[in-house]
Structure formats: C-alpha cells, structure tokens
Amino acid sequence: MFTIASGSRSTTPVVLVELEYDGIVGFGEASMPPYLGESHASVLAFLDQVDLTGFSDPFLVSDILGYVDSIAAKNTAAKAAVDIALHDLVGKIMNHSWCRIWGYNPDRTPNTSFTIGIDTAEVVRQKVREAEPYKILKVKLGLDTDKMMIETIREVTDKPLCADVNQGWKKREEALEMAHWLAERNVVFLEQPMPKEQLDDNAWLTENSPIPTVADEAVQRLEDVRNAFGVYDGINIKLMKCTGMREAHQMAELARALGLKVMLGCMTETSCAISAAAQLSPVVDWADLDGALLTNNDIYRGMEIIDGKVVLPNGPGIGITPLDNFR
C-alpha cells in the first residue's frame, strides 16, 4: 500500500506498446495513476485511433508526435507510450542512447531519492532502514501526521530529505511555518506545497520560504513551464504528464532558460518508462526515479540505481531489455 495526501493505492495499471520498423522494435509504456484520469480502456481506445501508416520515416519524430498529440485532448500517458516507443526505435536505428543523442554526459547522472509514503511510525522506520543505500529520501506529507513523519525518520537517519506535500497544505502562513520547521531538519525542498489553483499563495510562499519550492501538479506540459516562473523555484517533469520524452526535453530546456530548477520525477512505472526518463537525468538538479523499485512485477531490465546513483543502461534508445519470461 502506498499513501500520499490525496489517497492510497496498492496497484497502478500500465499499458505496454511496441513500434516496429524494418525488424527493429521500440518499447513504450503508459502508466496510469488515478489523478491522470486514464485507464486501460481509455489508453487502448486512444491507441486504436493512432495510425502511423502515413509516415514512412521514423526519424520524423516531431511530425509523428505532433500528429499523435492532435488526435485527442489529454490522454497524456497514452501519448507518452507512443513517444517512448518511437524514441526507443529511433535510438536503436541510430545505435545510440538518447542521452548521447541529446549531447548529455552519462557520468553526470544524479542520486535519486527513494520515496517514503505516509504510514505508521513503525512502518516508516522500517522503510527508512530498507532505503539505506539511498543518499536522499523523499517523504510524503500533507496530512496531520507531517511532524510525526519527519520526527520518525530523524530517529533513524540524518540524510537529506525532500518533502512532497501533494497540495496538502491550504493556508500559506501555516505552510511557511512548516517550511521553516522542515528547513531546520535538513529538508532541501518542498514539492507542490499548496493547491495549484492558489497561485498567489504559492508565489508568496516561494518568496518567503527558506527552502526552494517545486511545482508538480501545477506543471503538466510545456505551456505550464512559463507560468511557473515567479510562482515556484523549480518544476517536476514526468513523462506521463507531458506526453513523453520529446516534450520533457523541451520543458527542461525552457526551465533552464528561465532560471528554474529541474526535478525529474515518475509515476509507479516499469523500467521501460523509468529508463526513458533517465536519459534526461544528467541535466537535472534532482531525480526521483524510484518508480520501478516500488513494483514487484517489473518485466524489463534497464536503468539501475547503484549506491543511490542513477546509472544509465548501455544499450541504444532507452536501453531496456525485456526479461526472458516476458518475450
């Protein structure tokens, strides 16, 4: 069971996609946490509308994904599945990873946080001990147990923490008080502290907070990045929110140009989508790419986390390999 301020769940549905060209197969994934509003049925219905027979060249990535995006509104996870599969396919044709195609240094990947969900003190202590290899922990907040969560973690470790409030705080004065309290306990940033609709309150908190604020629910796609400027210190990019790798790359570039910090996040995903996102990791400030670690039925081998650090796979494209019992 995984709990955040807005609810709990024990499973996350996914749809896996393959694109084939000249005998080469690209893999993609749609992961659908409840707040995206997508389901197996909606993703499959969207994919049924995708007709790529009009494109003879897979390198027309912009044209192809522009067409996919135009088919219907929203459906961002379904679109991400096609995007990831296309990037994987093109990278394999080129025989290079997307990290290399984009010109990034794979040695500059960051440490990833490991997420501690809202739970009882006993379970929290156990989860923190299990996360011993990780250099930074992400703790879910936003309920009346916030201080208990932090104090319980501090009984076990003094590692840096990042706090994901999932819009759980409603009053800016109380949010600022918590920001100061958390800063004194080595919390390095606040993710989506208040509801995204409270623009003025979030901007006020950002201006006065002793630690940076990062927009998550408030920034879904490219057009939201500019709106985050002056309201938050940074943005959290997730492939399932933004339709995939192409737009994630654009968002990171724009955020950098605006002077915003960049966090690279994920849903609960297999190593397919996680490895796709990881291609962007050398140029971000923070990474939260533990989604595949929170699953017990991953069917791919790809990005690894070694001593807390993101380690990119060696293969081309997104670098994943299906496990023997899947293919």
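1. E29 is buried, with a relative accessible area of 0%; buried denotes under 20% relative accessible area, exposed over 50%, and partly exposed the range in between, using a 1.4 Å probe and protein chains only. The model is a predicted one, in which local features require pLDDT of at least 70 and side-chain atom pairs count only at pLDDT 80 or more, whereas totals for chains, interfaces and linings use all residues. Residues are numbered from 1 along each chain as its sequence is written, and side-chain values use heavy atoms, with hydrogens and water left out.

2. The residue E29 belongs to strand β4 (residues 24-31); strands (E, at least two residues) and helices (H or I, at least four) are DSSP runs numbered from the N terminus. The side chains of E29 and T270 are joined by a polar contact of 2.5 Å. A polar contact is a pair of N or O atoms within 3.5 Å; within protein, one must be able to donate a hydrogen and the other to accept it, and residues adjacent in sequence count only if both atoms are side-chain atoms. Beyond four places in sequence, the contacts of E29 (heavy atoms within 4.5 Å) include V14, L16, A77, I84, M240, T270, C272 and A273.

3. An open sheet is formed by 8 strands in the order β5-β6-β7-β8-β9-β10-β11-β12, with parallel pairing; two strands pair if DSSP finds at least two bridges between them. Because β5 (113-116) and β12 (286-287) stand at the edges with a single partner strand each, one side of each lacks a neighbour in the sheet. Within the sheet, β9 pairs with β10 (residues 234-237) in the parallel sense over 2 bridges, and A215 has I235 as its bridge partner in β10.

4. D216 is placed in the loop between β9 (213-215) and α9 (222-228). With 1% relative accessibility, D216 counts as buried. Its side chain makes a polar contact of 2.7 Å with the side chain of K241. Not counting residues up to four places away in sequence, D216 touches E191, Q192, N236, K238 and K241.

5. The whole structure contains 0 disulfides, a disulfide being a pair of cysteine sulfur atoms within 2.5 Å. For C99, which is in no disulfide, the nearest cysteine sulfur is that of C272, 17 Å away. C162 is likewise in no disulfide, and the nearest cysteine sulfur, that of C266, is 12 Å away. C99 is buried at 1% relative accessibility, and C162 is buried at 3%.
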